[in-house]
Amino acid sequence: MLTRPVFVYTELSPNPNSMKFVLNFELVPDGLSFDYPSQQAAMEEGSASPLASDLFQFPHVKRVFIASNFITITKDDAIAWEEVLRDTKQFIKIYFEENHPVFEETTIEKNTVIVDSRDSDTVQKIKAALDQYVRPAVESDGGAINFHSFNEDSGVVKVLLQGSCSGCPSSTLTLKAGIENLLTRMVPDVKQVVAEGV
């Protein structure tokens, strides 16, 4: 049996407790991402990930986020990355060399989103702007942003921040200075952007 070469490299993220582990192949179909704040969440039906569950075996792992071709791991404050980075990276490399699954089979099927034809024109514009301009930048920092809701009356867009963005000290600044500026310019109906569940 041929095994694909597995390359893992790490990138720092704006959140000092989060490290991005980048692989040389896709883990998740484009546009999907999975955030696991606990081992229990990693085993829930419909979003289960054996990879995330196994990563929680490490005592320093506090959150696992999987998107595109990377895994963002958030550690606790008590330990420095220098002490655990090598072992964590080695674990991920071996996990994929042995062809273990990232997700349970039903996870991807249940989470594939189809464009909702009921979305208003404004919501479609907001989603397009987030996908085109914001998502790539947020992913490069080891996180993800997803549309949550839009209130037509107040002009407030709610977004979900995941991965390294969750609990990151600079995420509020990014949200206000970057994302809110962009959306209010591109979609005149948008007056404010707030993060849901941060």
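Where is Asn99 found? Asn99 is in the loop between α3 and α4, the latter spanning 105-111. I start there because Asn99, at 41% relative accessibility, counts as partly exposed, and its phi is positive, about 60°, although the residue is not a glycine. Keep in mind that this is a predicted model.

A second residue belongs beside it. Ser68 also has a positive phi, near 40°, in a residue other than glycine. Ser68 lies in the loop between β4 and β5. Is Ser68 buried or exposed? Its relative accessibility is 16%, so Ser68 counts as buried.

Now the overall layout. The chain has 6 helices and 8 strands. Reading from the N terminus, the order of elements is β-β-β-α-α-β-β-α-α-α-β-β-α-β. Of the 198 residues in the chain, 45% are buried. If we take contacts with a separation of 6 or more, 61% of them come from residues 24 or more positions apart.

Next, the sheet. There is an open sheet of 5 strands, in the order β1-β2-β5-β4-β3, and the pairing is antiparallel. Its edge strands are β1, residues 8-12, and β3, each pairing on one side only. From one strand to the next, the twist averages 20°. Between β1 and β2, which run antiparallel, there are 5 bridges. Leu12 stands opposite Met19 of β2.

Which strands does α3 lie across? The helix lies across β1, β2 and β5, and runs at about 30° to β2.

Phe96 touches Arg4, Val6, Leu23, Phe25, Leu27, Leu51, Ile71 and Val102, leaving aside residues up to four places away in sequence.

Last, the aromatic residues. How many aromatic pairs does a search of the whole structure find? It finds 7. One of them is Phe25 with Phe96: the ring centres are 5.4 Å apart and the planes stand at 70°, so the pair is edge-to-face. Phe25 lies in the loop between β2 and β3, while Phe96 is in helix α3, residues 81-97, so this pair ties together parts that are 71 residues apart in sequence. Both Phe25 and Phe96 are buried.

Another pair is Phe65 with Phe70, which is tilted, at 6.1 Å centre to centre and 45° between the planes. Phe65 and Phe70 are buried as well. Phe70 has a further neighbour: the charged end of Lys20 sits over its ring, 4.5 Å from the centre.

Terms used
Residues are numbered from 1 along each chain as its sequence is written. This is a predicted model: local features need pLDDT of at least 70, side-chain atom pairs count only at pLDDT 80 or more; totals for chains, interfaces and linings use all residues. Side-chain values use heavy atoms; hydrogens and water are left out. Rings of Phe, Tyr and Trp (its six-membered ring) pair if their centres lie within 6.5 Å; planes under 30 degrees apart count as stacked, over 60 as edge-to-face and the rest as tilted. Helices (H or I, at least four residues) and strands (E, at least two) are DSSP runs, numbered from the N terminus. Buried means under 20% relative accessible area, exposed over 50%, partly exposed in between (1.4 Å probe, protein chains only). A charge sits over a ring if NZ of Lys or CZ of Arg is within 6 Å of the ring centre and within 35 degrees of the ring normal. Two strands pair if DSSP finds at least two bridges between them. Axes are lines fitted to C-alpha atoms, for helices over the stretch in contact, and angles run from 0 to 180 degrees between N-to-C directions. Contact means heavy atoms within 4.5 Å.
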